[in-house]
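User: I am new to this structure. Please take a close look at a single part of it, and tell me how that part is put together.

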Amino acid sequence: MATATATTRGFAVRCLLCAEEDTVRVDVHDVHTFHCGQCENEFTADDVRAEMARWTKLLAWLDTTPVRRD
Ligand SMILES: [Zn+2]
């Protein structure tokens with residue numbers, strides 16, 4: 001069975017695995033799975049949420065540290 005995909009162009013997202021921009025497609029039959037046309041790997045919406053959570057945690061930590069910001 002062929003997989004129907006839709007591009008995510010316009011969202012300016014990068015592949016979670018190779019960081020290439022505008023190569024991520026979403027399977028319209030499984031909108032929680034992303035496929036990268038550059039590295040040919042797949043990742044899920046939960047993978048993206050986990051990555052975002054790690055960055056959010058780091059940014060929150062930065063906001064509490066006495067790091068000089070100009
Ligand atoms: Zn990729």
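Analyst: **The pairing of the strands**

Three bridges, 3 in number, join E3 to strand E4 (residues 42-44), and the two run antiparallel. Strands (E, at least two residues) and helices (H or I, at least four) are DSSP runs, numbered from the N terminus. Two strands pair if DSSP finds at least two bridges between them.

This is a predicted model: local features need pLDDT of at least 70, side-chain atom pairs count only at pLDDT 80 or more, and totals for chains, interfaces and linings use all residues. Residues are numbered from 1 along each chain as its sequence is written.

Stay with E3 and E4. His-35 stands opposite Glu-42 in E4. The two strands form a hairpin with 5 residues between them. In that turn, Glu-40 has a positive phi of about 65 degrees.

Now the other neighbour of E3. Strand E2 (residues 24-27) is joined to E3 (residues 30-36) by 4 bridges, again antiparallel. This hairpin has 2 residues between its strands. Asp-27 has Asp-30 in E3 as its bridge partner. Val-24 stands opposite Cys-36 in E3.

What order do the strands take in the sheet? The order is E1-E2-E3-E4, in an open sheet of 4 strands with antiparallel pairing. Strand E1 (5-7) and E4 stand at the edges with a single partner strand each, so one side of each has no neighbour in the sheet. On average, neighbouring strands here are turned by 35 degrees against each other, direction ignored. Helix H1 (residues 45-64) packs on this sheet and touches E3 and E4. Its direction makes about 70 degrees with that of E4. Axes are lines fitted to C-alpha atoms, for helices over the stretch in contact; angles run from 0 to 180 degrees between N-to-C directions. Contact means that the C-beta atoms of two residues, placed from the backbone, lie within 7 Å.

Finally, the setting. Along the sequence, the protein chain reads β-β-β-β-α. Its radius of gyration is 16 Å, well over the 11 Å that the globule rule gives for 70 residues, so the chain is more spread out than a compact globule. That radius is taken over C-alpha atoms, and the rule is 2.2 Å times the number of residues to the power 0.38. The C-alpha trace spans about 55 × 20 × 20 Å along its principal axes.
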